Amino acid sequence: MSATMLFITGDIGGNVPPTLAIATELAARGHRVIVAGLEPRADRAAGELELRSLRALDGMDVRPPAGPLGHTPALTRMAVGRALAREVGALIDAQSPDAVIVDGVMLASIRAAVSAGVPTAVLFHSLGAFWAAGMASRGANLAMRPLGLAPLALLRRADALLLPTDPVLDPAHAVDGPIDFEWIGTTEPGSSAGPRGDGPKRVLVSLSSAWQRGQADVYRRILAALAPLPIEVAVTTGGVQLDGALTAPSNTVIHARVPHEQLMPGIDLVIGHGGHSTTMKAVSHGIPLPVVPRDRTSDQPLIGRTIEAAGLGRTIAKSSSSEHLRAVVTSILGDTAIADAAAAAGVRLRSQRGAARGAEMIERISRGEQLSPRGSA
């Protein structure tokens with residue numbers, strides 16, 4: 001039976017791919033799917049989805065340079081803004097959805113959904129270990145309790161806590177934590193690498209679709225590191241307005257936006273920033289990763305450590321010299337153990353059906369079914 005599914009989100013980069021993947025799967029199953037908080041864009045195929053803006057998030061764009069506080073003001077508005085919560089509540093009243101799916105960042109919107117009495121799923125977009133460290137911390141819950149936004153209390157009122165990541169990689173999956181995530185597996189598409197000839201190795205460099213201070217400098221040091229090597233390099237900047245132009249060496253092509261799933265089947269190495277979406281997509285393709293975390297307050301350092309601990313790559317400090325970057329890249333490109341581990345991880349992730357599993361769980365709560373306390377992919 002067809003249902004109305006309402007997604008509440010915002011465009012902050014890595015949260016968009018799992019949102020659209022699960023929403024698209026639900027639409028393919030015949031449901032009406034509204035995605036509020038994402039505007040139609042030339043590079044964003046909507047298909048059967050109804051994309052619409054949220055007035056309270058007007059002007060929020062993580063691609064241009066931000067002020068001294070970076071994107072914190074915009075993220076705070078998305079997380080706890082009262083105007084946004086009121087708008088979400090009014091949208092739920094107007095659309096009468098059978099289920100609401102809210103981004104894990106949006107505490108006030110989660111409260112609006114569960115208070116409306118509608119079956120509610122919370123959709124996260126990183127490793128559960130990162131979310132648990134923040135949302136289960138005593139300080140955060142004490143600070144937010146007077147506002148009615150204590151994270152643990154809100155999550156316990158939701159019907160499903162969907163985590164589109166690999167449970168084998170996620171440190172939180174191995175322990176009984178305070179949050180009952182449903183590990184649905186990655187929603188990132190992947191394919192096995194085809195047979196490669198004797199041509200040069202190919203490297204993809206991508207350091208986030210959100211602006212960060214000093215980003216251009218890191219790109220320049222990476223390009224200087226790769227320029228002398230007998231490889232082909234593709235750089236995608238994600239449409240970010242960098243602090244100054246990049247000059248492409250002779251072995252490099254720089255793109256603003258190219259879907260990574262178009263590039264990765266022919267790539268031997270991905271140099272990333274530790275963003276969850278880019279990382280899971282690379283692992284789904286069986287590609288090793290040197291990770292250069294850009295933001296120590298984000299999930300990027302955790303993801304870098306996780307990739308290195310799993311034998312899938314290395315973590316490199318953002319302040320590293322071009323010489324050190326070149327040595328690490330050369331080492332990984334010649335490391336058969338890392339290549340074999342990445343290939344095996346790719347096989348595992350490609351079997352997970354994260355979008356389908358997420359859609360199935362949302363359908364279940366929309367029918368009033370209760371999910372098990374813990375899920376596994």
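This note walks through the fold, the core and a handful of residues of the chain.

1. **Basis.** This is a predicted model; local features need pLDDT of at least 70, side-chain atom pairs count only at pLDDT 80 or more, and totals for chains, interfaces and linings use all residues. Residues are numbered from 1 along each chain as its sequence is written, and side-chain values use heavy atoms, with hydrogens and water left out.

2. **Overall fold.** The chain holds 14 helices and 13 strands. Both are DSSP runs, numbered from the N terminus: helices are H or I with at least four residues, strands are E with at least two. The C-alpha trace spans about 60 × 40 × 40 Å along its principal axes.

3. **Burial and surface.** Of the 377 residues, 55% are buried. Buried means under 20% relative accessible area, exposed means over 50%, and partly exposed lies in between (1.4 Å probe, protein chains only). The accessible surface comes to about 15700 Å², and 53% of it belongs to carbon and sulfur atoms. Areas come from the Shrake-Rupley method with a 1.4 Å probe; for residues, only the protein chains shown count as cover.

4. Take the contacts in the chain with a separation of 6 or more: residues 24 or more positions apart account for 67% of them. Contact means heavy atoms within 4.5 Å. The chain carries 36 positive and 34 negative charges, and their mean positions are 5 Å apart. Lys and Arg count as positive, Asp and Glu as negative; His and the chain ends are not counted. Each charge is placed at NZ of Lys, CZ of Arg, CG of Asp or CD of Glu.

5. **Nonpolar core.** The largest nonpolar core has 45 residues, and Ile-8 and Phe-124 touch the most other members. Helix H4 (residues 107-115) gives the most to this core, with 6 residues. Such a core is a set of buried Ala, Val, Leu, Ile, Met, Phe, Trp, Tyr and Cys residues joined through side-chain atoms within 4.5 Å. Not counting residues up to four places away in sequence, Phe-124 touches a set including Trp-131, Met-135, Leu-155, Leu-161 and Phe-181. Gly-104 and Pro-164 are also among the residues it touches.

6. **Helix H10.** Helix H10 (residues 276-284) is mostly covered, with 9 of its 9 residues buried. Among them are His-276, Lys-281 and Ser-284. The buried residues of H10 pack against H1, helix H9 (260-263), strand S11 (269-272), strand S12 (289-291), helix H11 (300-309) and helix H13 (336-350). Gly-286 follows H10 and has a positive phi, near 75°.

7. **Thr-279.** This residue lies in H10. Thr-279 counts as buried because its relative accessibility is 2%. Leaving aside neighbours within four places in sequence, Thr-279 is in contact with Gly-274, Leu-289, Ile-303 and Ile-307. Ala-359 is 80 residues away along the chain, and the two C-alpha atoms are separated by 22 Å.

8. **Ala-27.** Ala-27 sits in helix H1 (residues 16-28). Its relative accessible area is 14%, so Ala-27 is buried. Beyond residues up to four places away in sequence, Ala-27 touches Val-33, Glu-48 and Leu-49. Glu-87 is 60 residues from Ala-27 in sequence and 24 Å from it in space, C-alpha to C-alpha.

9. Most residues other than glycine have a negative phi. Ser-96 has a positive phi near 45°. Ser-96 lies in the loop between helix H3 (82-95) and strand S4 (99-103), and is exposed at 54% relative accessible area. Arg-353 also has a positive phi, of about 55°. Arg-353 is in the loop between H13 and helix H14 (354-366), and is partly exposed at 47%.

10. **Glu-360.** Glu-360 is in helix H14. With 28% relative accessibility, Glu-360 counts as partly exposed. Leaving aside neighbours within four places in sequence, Glu-360 is in contact with Arg-29 and Arg-353. Glu-25 is 335 residues from Glu-360 in sequence, yet 9.3 Å away in space, C-alpha to C-alpha.
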